Amino acid sequence: MKKKTNIREWLRSRDGQRVLVIITFMTIPLVLLFVFTYLPFGKMFGYSFYEMKYTGARKFVGLKNYLKVFQRDDCFKALKLSLYYMVGSLVQLALALYLATVLSFKVKCGAFFKGVMFFPYLINGIAVGFIFKFFYTRGFVFDTVLQSLGFELENLPYWLKDQSINNWSLVGTSVWRYFGQNMILFIGAIMSVDSDLYEAAMLDGANRFQQFRYIIVPSIKTIITLNVILSITGSLSAFEPPYVITSGANGTGTYFVIMHEIAHTQQKVGLASAMAIVLLAIILIATGLQKIFFKYVFRSGEDEDINAAKKREKKLARYIQHQRKKQEASGQ
Amino acid sequence: MKKKLLSYVLASAMVLSLAGCGGSGSGTGTGSSGSSGSTVSTAPVTESGTLSYTTLNLDEYSDFTASIKFVHHKTDREEDGTMASMIAEFNKEFPNITVTTEAVTDYAEDSLLRLNTGDWGDIMFIPAVDKSDLATYFMPLDSLDNLSKELNFVSSWSYDGQCYGIPYMANAQGVLYNKKVFADAGITQLPRTASEFIAALKLISEKTDAIPLYTNYAAGWTMGAWDAYVGVVSNGDDAYMNQKLVHTAEPFSDPGDGSGAYNVYKILYDACAQGLIEDDYTTTDWEGCKGMLNRGEIGTMVLGSWAYAQMQEAGDTPENVGYMPFPITVNGTQYVAAGGDYNYCINAKASDDNKIAALIFVKWMVERSNWCYNEGGYTVVKGGANPDMYAAFNGCEVMSDLDALAGEEDYLNQMNAESELSINAGGNAKVQEIVEAGATGSKSFDDIMADWNSRWQNAQSELGINVLY
């Protein structure tokens, strides 16, 4: 009875204090999250049904903007460019995983190499863009390096002008920038693997690759999955390299760059919002597919895959058969 | 005890700061209400009648006393002392008018914010406000009829026949070139038509090592600069850009006489197709190109006159930097589009004395400071001297685009957005497309123009804008 009537009393009690602390600590982050993430997103979702500019009157057009996203040839052509970045991100992850494995064992100047390779991630993306603009300029850094290796300038392509390779050049910059970060994540995960396992594996006669295949990969599969998902979604929304280096011109305009152009130069805010929503849907689908894929790949990741077990059983059967034949032969 | 003391200190500090706020707040409040009364009763009356630019006789006011503040965007001129020396000159004639200046770095945005506070000073450059709001913020300087008899380019900030701004300098649209490169290539007469221009570029490429035409493709906005030649320059019609273009069915068709937007962009396409541009256009460098033009490594660049001074400052041979009209001739005449830069304006909420002093200062700046001339600007005063860079413009017809018709002010913006061509509004991508198509041969010029025409027509039917031309 006393508890019910006196709220102040309740607030001073342990339960009350707990609730109070939870509420006060959660209010600010939740308000920030709502105001700066969910509210703008909701607004953008609303905008995608309007024909509107930043200022001036709005006109409700229903799903017309979404139809336009699918009808315009520049929107989905731009998504094809993401394939370049996806291939790039796979190369990037393979490289990062390889170097992480090497560097997590004892290597001379290991910390130095880690630092050198992580460094690009610390540089601002815009600065990276400017660096590579000059890097790829005809007769500048990259060409000079290749020339000193014996290439003739006439035989070298124009890295940004030639439309058959300029997207690879841009992908190269993003690999350069992000592989160090992936590597550090991988090293962190590999560090947490119990080193006794290596020793035990060594005693069993496992070589380095087998250690990698059967100890390291299964132990860090969560980080691998995470990195792959982040890289693939990142490559769908590639923006900085094409925006800064080529400003999306010359066939390098990715989905994001096109969206930026439509939203800010053409001021078709509704259409750009619809593009953003479509991209979100694509990213969600891509993430879902990857989750399913990894579920399949790591299905029996703890020990080994089913095929190996089957093979071993076959081998064993063959061996037994062989032995039996031998016995029969010796018995005769 | 300690806590209590602290809380007293805090509380008193708060009270004091509140009082401070209240003080300044009420100050501006009375200030603005007092002066808004004066704007209703039109301009203050001076010895020679109501205050207006044309009737104000500078010589009558040599002992006028006031203190005014000038807010501007020319941070470079504030830092290098140009502004201070101009004001020193001003004070020789008007010793009792004190002028303080403030240069604002992010002027386009900051000035708008300050404008709404009301007490930003007495003179500023008009930021992007709606014309219908001009009277709320600024004092009318004179009627458009009176002012346009004495000054050029004053119509851009006029409303209801009243002028609210006077440009401090004007820019003209032409082509930058290197005189020495032209001489080395044996070009004695500046090209006046597109075919002459392409022939000149060919000569440059054959006889010199210079890049005939530097596109500045990578910077983007430098490509959008080509749009500036669509109006007056390409057809000699000052009503075209803001009035007729939106009603034109096929603005990008070839008129057949070497004029029109078609031939403006065709110069670029042809130069790209014939390899008369830089080797690798995707890695052009805006900062670097200034020195290259100055040193004679670049023959021509298509940019407004504002770029001229920068090109001169970028190297040791400023005398070689030249400026010529755009090589399109319409019925035997070359046209030059010119327009005002930022415009001086006077605070409507300033006191009467400050308004008079401000107008004195503005008139002095426009007519006696030589600022426009020194900046390499096209003259704002009718019949005023032009810098040498405009020597090649003699014999050309100088015009500025007329404003959009009443009720159609939004049409061009809407058409630009709907067609995504964004003419003179950041449509860089479409001009870059010309360079790509020209250099790689992926698309013919006529196909591009046909595509633009159809985009324009689709936008017209989408927006319901009637076709008149």
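1. How far apart do the C-alpha centres of domain 1 of chain A and domain 2 of chain A lie? The C-alpha centres of these two domains of chain A lie 46 Å apart, where domain 1 covers residues 1–33 and domain 2 covers residues 65–320; the domain bounds come from an automatic or database domain assignment.

2. A word on the basis of this note: this is a predicted model, in which local features need pLDDT of at least 70 and side-chain atom pairs count only at pLDDT 80 or more, while totals for chains, interfaces and linings use all residues. Residues are numbered from 1 along each chain as its sequence is written, and chains are lettered from A and ligands numbered from 1 in the order in which they are written.

3. Chain B holds 19 helices and 18 strands, these being DSSP runs numbered from the N terminus (helices H or I, at least four residues; strands E, at least two). Of its 469 residues, 45% are buried, a residue being buried if 20 or more other C-beta atoms, placed from the backbone, lie within 10 Å of its own, exposed if 12 or fewer, and partly exposed in between. Among contacts in chain B between residues at least 6 apart in sequence, those that join residues at least 24 apart make up 76%, with a contact meaning that the C-beta atoms of two residues, placed from the backbone, lie within 7 Å.

4. Chain B is likewise divided into two domains, domain 1 (48–167 + 342–376) and domain 2 (172–339 + 403–463), and 34 Å separate their centres, taken over C-alpha atoms. Five residues of domain 1 of chain B are in contact with six residues of domain 2 of chain B. On the side of domain 1, the residues are one nonpolar, three polar and one charged, where Ala, Val, Leu, Ile, Met, Phe, Trp, Tyr, Cys and Pro count as nonpolar, Asp, Glu, Lys and Arg as charged, and the others, Gly among them, as polar.

5. Between the chains, the contact takes 17 residues from chain A and 13 residues from chain B. Helix α18 (residues 428–440) of chain B gives the most to the side of chain B that touches chain A, with three residues, and that side divides into three nonpolar, six polar and four charged residues.

6. Helix α8 (residues 194–207) of chain B packs with helix α12 (residues 260–273) of chain B at an angle of about 20 degrees, their axes being 10 Å apart. The two helices are therefore roughly parallel to each other, a term for angles under 35 degrees. The contact involves Ala194(B), Phe197(B), Ile198(B) and Leu201(B) of α8(B), and Asn263(B), Lys266(B), Ile267(B), Asp270(B) and Ala271(B) of α12(B); by class these residues are six nonpolar, one polar and two charged.

7. In α17(B), Met415(B), Asn416(B), Ala417(B), Glu418(B) and Ser419(B) are buried, and the buried residues of α17(B) pack against α19 (445–463) of chain B. Just after α17(B), Glu420(B) takes a positive phi of about 60 degrees.

How values were computed
Axes fitted to C-alpha atoms, helices over the stretch in contact; angles between N-to-C directions. Parallel < 35°, antiparallel > 145°, perpendicular 65-115°, else oblique.
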